[in-house]
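Please keep the viewer open as you read.

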Amino acid sequence: MAAAWVARQKETSSVSCQDYQPVTRMQVEDRPVTRKQVEDKPVPREQVEDIVMDGHPVPILIQNEETGNFELDEDALEEVLLNPRVADKFVCVLAVAGAFRKGKSFLLDFLLRYMSSQQAEEWLGNVNEPLKGFKWRQGSKRETTGVLIWSEPFIIKKRSGEEIAVILMDTQGTFDIQSSMKDSTTVFALTTMVSSVLVYNLMNNIQEDDLMNLQLFTSYGMLAQEDCDTAHPFQRLHFLVRDWGFPYEVPYGHQGGQKLLDDILMVTEKQHPAHQEVRRDLRKCFRDINCYLMPHPGFKVIQKADFDGRLVDIEEEFVNHLKVLVPRLLAPDNLVKKEIGGQPIKARDLLKFFTLFMEVFKDNDLPEPTTLVEFAAQASSQAALEAGKEYYAETMEALVGGDRPFLKTIQMEAEHTKAKERATQMYLEKNKYGRKNQSVVEKYQTLLHEEIDKMFVKYSQQNEAKNVFKAARTPATLFSVLMFFYLLSGIFGLFGMYSFANVCNLGMGVFLIMLTVWAYVRYSGEYRDAGVYIDELATFLWENVIHPVYQTYMEKHLKEAAEHAAQQAISSSLANGKVKPA
């Protein structure tokens, strides 16, 4: 399989073309876009304001110059995915993969232009405006290396009102003369595994080798289906055929692309068993598979040395197909959430997904499909763990968070136990990869319990701080001891035992000073260490002297007095409410 992939990619890569690139369109109207329709929609030549783009490309997968291995820049990735604006939103990753020098970055920049215009009708902007965004250039040498994402995810509101974060991903082209097979496979695998919308950028036609390139992931997908309940391990796959040369047989656009795709994915008896298998598995592994046929952008794009992406230099037919392809590809209903094991993940979960993925590909050998399933089990468990933690945090916040009043300790412990059990149940429900990876599931379940216990300590401290009586424990204890010394001093003075009375006066003065210092610390926030020492002394006196004395000599009598008073009140109420006989 690998040899066939290398041969095919080198063959297609020999066709020199500047770095323009198309993206596939998700769903288009059933009516095909014909040449006549294109001619009826000329490209507007009026001057339109330039589109302002926020953000810049961020390299997240970088090749080490010394070792040649790819390394994940976690800091750069965290800066994007943990941004408070998107961290807790579900995420859609739209990525483009394919051979090098086939225009991936070029067309990604049109996606950026559309999103930056906020889906305006005149999103193409000024026809004389150079194309900006992800870096690209003309020629036969590669421009993009590793994997880059746009620094500012786009927030899109779906029809349901839910907001999702859309991340655009640019990738290094596969199998250029500087890359090894493992380099190309790592980039292609990362793109496939982390994307929810994968645009497979091809030149001229869909060849058999293009399908075989996906075999590693279809093999993984079939194992994943056996290991979890999800029907499709991957979301959307878009074949984007560039420079389609046979519009007289199959028209440009979505309808023509779907016809071509259906013919190619048809399973026949004459096909080799491996070719039959990859076709069947593709249908099972991807929830939605589409194809779009794009025309050639024009010879100015190829032959003009200083071509910088201006629409005025691109054929109108190509531009008009852009006007159909891009808006529909980025329509809110077509931007699907990234899922692991059938469960959507948030931007913060995607960070862990990247990290786990790079662990799988850190060795020199390519991973087996079974290894990818284990990786998916870890990623699924991590996402489920975060969901369990989020549920627990929301539950406890509703009980004792913010301005919620103090909750009795026993009741809080009971609620903690219930929330912990429900969080564990949620973790197991969301973690689909458990049938063949029970050890992974149990490992992350243990981690969930440890995280919840740490959170419980934090919420307990937060709750105790609201206990008015506990907050008043220190001054009450100090005042009680002070009064105790005051009474003893009076008693000793009454009987002429002035030495003992003076000692009691000294103790009374010490505790009066401590009470004054404690009040000043609480009021000013200064000398906090002194305040801590006074609190610790007060706690020691309360737990070892005052509270035991209270329990031994007073609690029982007070409880009996309270019960007696309650019984008298009940008896009085019954007597007053008794119906007298006639």
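1. Let us start with F246, which is partly exposed because its relative accessible area is 34%; buried means under 20%, exposed over 50%, and partly exposed in between, with a 1.4 Å probe and protein chains only. Y248 counts as exposed, at 64% relative accessibility.

2. A word on the basis: this is a predicted model, where local features need pLDDT of at least 70 and side-chain atom pairs count only at pLDDT 80 or more, while totals for chains, interfaces and linings use all residues. Residues are numbered from 1 along each chain as its sequence is written, and side-chain values use heavy atoms, with hydrogens and water left out.

3. Next, the aromatic pairs. Rings of Phe, Tyr and Trp (its six-membered ring) pair if their centres lie within 6.5 Å; planes under 30 degrees apart count as stacked, over 60 as edge-to-face and the rest as tilted. By this rule there are 11 aromatic pairs. In one of them, Y114 and W123 have ring centres 5.2 Å apart and planes at 90°, so the pair is edge-to-face. Both Y114 and W123 are buried. F246 and Y248 also make an edge-to-face pair, 6.2 Å centre to centre with 85° between the planes. Ring pairs join W244, F246 and Y248 into a cluster.

4. Which residues other than glycine have a positive phi? N204 is one, with phi at about 75°. N204 sits in the loop between β7 (197-203) and α6 (208-212); helices (H or I, at least four residues) and strands (E, at least two) are DSSP runs, numbered from the N terminus. N204 counts as partly exposed, at 36% relative accessibility. Y527 is another, with phi near 55°, in the loop between α18 and α19 (528-577). At 59% relative accessibility, Y527 counts as exposed. For context, most residues other than glycine have a negative phi.

5. Finally, take a look at the surface patches. I491, L494, F495, M497 and F500 form a nonpolar patch, with about 570 Å² of accessible area together, from the Shrake-Rupley method with a 1.4 Å probe, where only the protein chains shown count as cover for residues. F500 belongs to helix α18 (residues 498-524) and is partly exposed, with a relative accessible area of 48%.

How values were computed:
Patch = residues over 30% accessible without salt bridge, like charges linked within 9 Å, V, L, I, M, F, W, Y side chains within 5 Å. Salt bridge = Lys/Arg side-chain N within 4 Å of Asp/Glu carboxyl O.
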